[in-house]
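Me: Please take one part of this protein and go through it closely. I would like to know what surrounds it and which rings it brings together.

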Amino acid sequence: MILVLIGYMGSGKSSIGRRLSKKLNYDLIDLDDFIEDQENASVKEIFESKGEIYFRKKEEDYLKELLEVDKDIILSLGGGTPCFGNNMQHIIDAENATSIYLKASIPKLANKLIKKKSKRPLIAHIETEEALTEFIGKHLFERSPYYSQAEYTIITDDKSKDEIVDDILDLF
């Protein structure tokens, strides 16, 4: 089985993925890390040297490849991955994949991301938490139609990471 974790940046895909992989003894694959390994360049370097169109095509190719692996994995996607190309449809169509949307509220995301914005190129330029909240709200409005296609949605607000992992394990 492949558990595909989707959601906005800061929703906990990586940290929840790590905990799930330990509990289930599944390998954890972060799609961005996988792309960086395959391309021998960081996502930022790929964007700068080859452009976003190249990156999004490679992202789709590698996603399709990983959705066909014949082993148990946790696959953590970038926040934008489900929203480009046919990526969400690839996830839905994969016979051995289950998609889980880790849904956090806009205020929770803004509160978490304001402290880490320097490490997030998409939001590094945003100065205030108010501006970040507005940015996230607009972004989520655009991305929600994709995220909402996940088989399951886990609301993460006011839950510990262990509670979120337990909620996911209760699905199966």
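Reply: A residue is called buried if its relative accessible area is under 20%, exposed if over 50%, and partly exposed in between, using a 1.4 Å probe and protein chains only. The model is predicted, so local features need pLDDT of at least 70 and side-chain atom pairs count only at pLDDT 80 or more, while totals for chains, interfaces and linings use all residues. Residues are numbered from 1 along each chain as its sequence is written, and side-chain values use heavy atoms, without hydrogens or water.

Helices (H or I, at least four residues) and strands (E, at least two) are DSSP runs, numbered from the N terminus. Six of the seven residues of E4 are buried, so the strand is largely enclosed by the rest of the structure.

Two strands pair when DSSP finds at least two bridges between them. E1 (residues 2–6) runs parallel to E4 and is joined to it by five bridges; here Leu-5 stands opposite Ile-100. E5 also pairs with E4 in the parallel sense, over four bridges, and Leu-102 faces Ile-154 of E5.

Next come the rings. Rings of Phe, Tyr and Trp (its six-membered ring) pair if their centres lie within 6.5 Å; planes under 30 degrees apart are stacked, over 60 edge-to-face, and the rest tilted. Four aromatic pairs are counted by this rule. One of them is Tyr-101 with Tyr-147: the ring centres are 5.0 Å apart and the planes meet at 40°, so this pair is tilted. Tyr-101 belongs to E4 (residues 97–103) and Tyr-147 to helix H6 (residues 129–147), so the pair links distant parts of the chain, 46 residues apart. Both Tyr-101 and Tyr-147 are buried.

Another pair involves E5. Tyr-152 and Phe-172 have ring centres 6.2 Å apart and planes at 70°, so they are edge-to-face. Tyr-152 is in strand E5 (residues 152–155) and Phe-172 in the segment after helix H7 (161–169), so parts 20 residues apart in sequence are tied together. Tyr-152, at 28% relative accessibility, counts as partly exposed, and so does Phe-172, at 48%.

The buried residues of H1 include Ile-16, Gly-17 and Leu-20. By contact, meaning heavy atoms within 4.5 Å, the cover over the buried residues of H1 includes E1, strand E2 (27–30), strand E3 (73–76), E4 and H7.
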